[in-house]
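Keep the structure open in your viewer and follow along.

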Amino acid sequence: MLSFEAITPDTLDTMGTEQLDRLPFGVVGLSSEGLVEIYNATEERLAGLPRETVIGTHYFSVTAQCMNNFMVAQRFEDEAEIDAIIDYVLTLRMRPTPVRLRLLKASGMERHFILIQR
């Protein structure tokens, strides 16, 4: 299933750009070093940040500093596996925006994901 709650890291990792762009929620795929490898069209549109300016940046220190904290970024450092949904408020470059974040990190997978549902 491709819903925000049910989609798996394996599925996200094998989807092409067009498939990812059709999802109704934001998808950010990060390397183990925190560099943005995937930034879907939904997130590009809702965040107002062009994909070409985000790909290759360090997500937590350049693009989404409001997530560079113990609730989001630190969990990717500390936890071997994550599948957690948290209520969050985005504050960078926008008025405070309540969202749901889904943090996904699977053992054996190089890429991690943050899903953003507005």
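Predicted model: local features only at pLDDT ≥ 70, side-chain atom pairs only at ≥ 80, totals over all residues.

As background, strands of a sheet pair through backbone hydrogen bonds, either parallel or antiparallel.

## Strand S1 and its partners

What does S1 pair with? Strand S1 (residues 26-30) and strand S5 (residues 112-117) run antiparallel and are joined by 5 bridges. S1 also pairs with S2, again in the antiparallel sense, over 3 bridges. Valine 28 has isoleucine 114 as its bridge partner in S5. If you trace the chain from S1 to S2, you go through a hairpin with 5 residues between the strands, and glycine 34 in the turn has a positive phi of about 90°.

Is S1 buried or exposed? Buried: 5 of the 5 residues of S1 are, so this strand is largely enclosed by the rest of the structure. Both of its faces are covered, with Gly26, Val28 and Leu30 buried on one side and Val27 and Gly29 buried on the other.

The largest nonpolar core has 25 residues, and Tyr59, Phe60, Met67, Val72, Leu101, Ile114 and Ile116 touch the most other members. The elements giving two or more residues to this core are S1, S2, H5, helix H6 (73-78), S3, S4 and S5. S3 gives the most, with 5 residues. Apart from this core lies another one of 13 residues, among them Leu12, Phe25, Phe113 and Leu115.

Leaving out residues up to four places away in sequence, isoleucine 116 touches Phe4, Phe25, Gly26, Val28, Glu43, Tyr59, Met67, Leu90, Val99, Arg100 and Leu101.

Leucine 104, found in strand S4, is buried at 1% relative accessibility. With residues up to four places away in sequence left out, leucine 104 touches Ile7, Pro9, Leu12, Phe76, Ile82, Asp83, His112, Phe113 and Leu115. The C-alpha atoms of leucine 104 and glycine 29 are separated by 9.5 Å, although these residues are 75 residues apart along the chain.

## Salt bridges

Side chains of opposite charge can pair when their charged atoms come close. How many salt bridges turn up in the whole structure? A search finds 8.

One of them joins arginine 100 to glutamate 5, with the closest N and O atoms 2.9 Å apart. Arginine 100 lies in strand S4 (residues 97-105) and glutamate 5 in the segment before helix H1 (9-14), so the pair ties together parts that are 95 residues apart in sequence. Both ends count as partly exposed: arginine 100 has a relative accessible area of 25%, and glutamate 5 comes in at 41%.

Arginine 51 takes part in two pairings. One is with aspartate 21, where the closest N and O atoms are 3.2 Å apart. Aspartate 21 belongs to helix H2 (residues 17-22) and arginine 51 to helix H4 (residues 51-54), so this pair ties together parts that are 30 residues apart in sequence. The other is with glutamate 44, at 3.8 Å from N to O. Aspartate 21 is partly exposed at 23% relative accessibility, and glutamate 44 is partly exposed at 22%. Elsewhere, Asp13, Glu37 and Arg111 are linked in a network of salt bridges.

Asparagine 40 is found in the loop between S2 and helix H3 (41-47). Asparagine 40 is buried, with a relative accessible area of 1%. Beyond its neighbours within four places in sequence, asparagine 40 is in contact with Leu20, Asp21, Leu23, Phe25, Gly26, Val27 and Arg51.

Threonine 63 belongs to helix H5 (residues 59-63) and is buried as well, with a relative accessible area of 8%. Its side chain makes a polar contact with the side chain of threonine 57, at 2.8 Å.

Methods:
Residues numbered from 1 in each chain as written. Heavy atoms only, no water. Helix = DSSP H or I, 4+ residues; strand = E, 2+ residues; numbered from the N terminus. Buried < 20%, exposed > 50% of the residue type's maximum accessible area, 1.4 Å probe, protein only. Polar contact = N/O pair within 3.5 Å; in protein donor to acceptor, adjacent residues only side chain to side chain. Salt bridge = Lys/Arg side-chain N within 4 Å of Asp/Glu carboxyl O. Contact = heavy atoms within 4.5 Å. Pairing = 2+ DSSP bridges. Core = buried A, V, L, I, M, F, W, Y, C linked by side-chain atoms within 4.5 Å.
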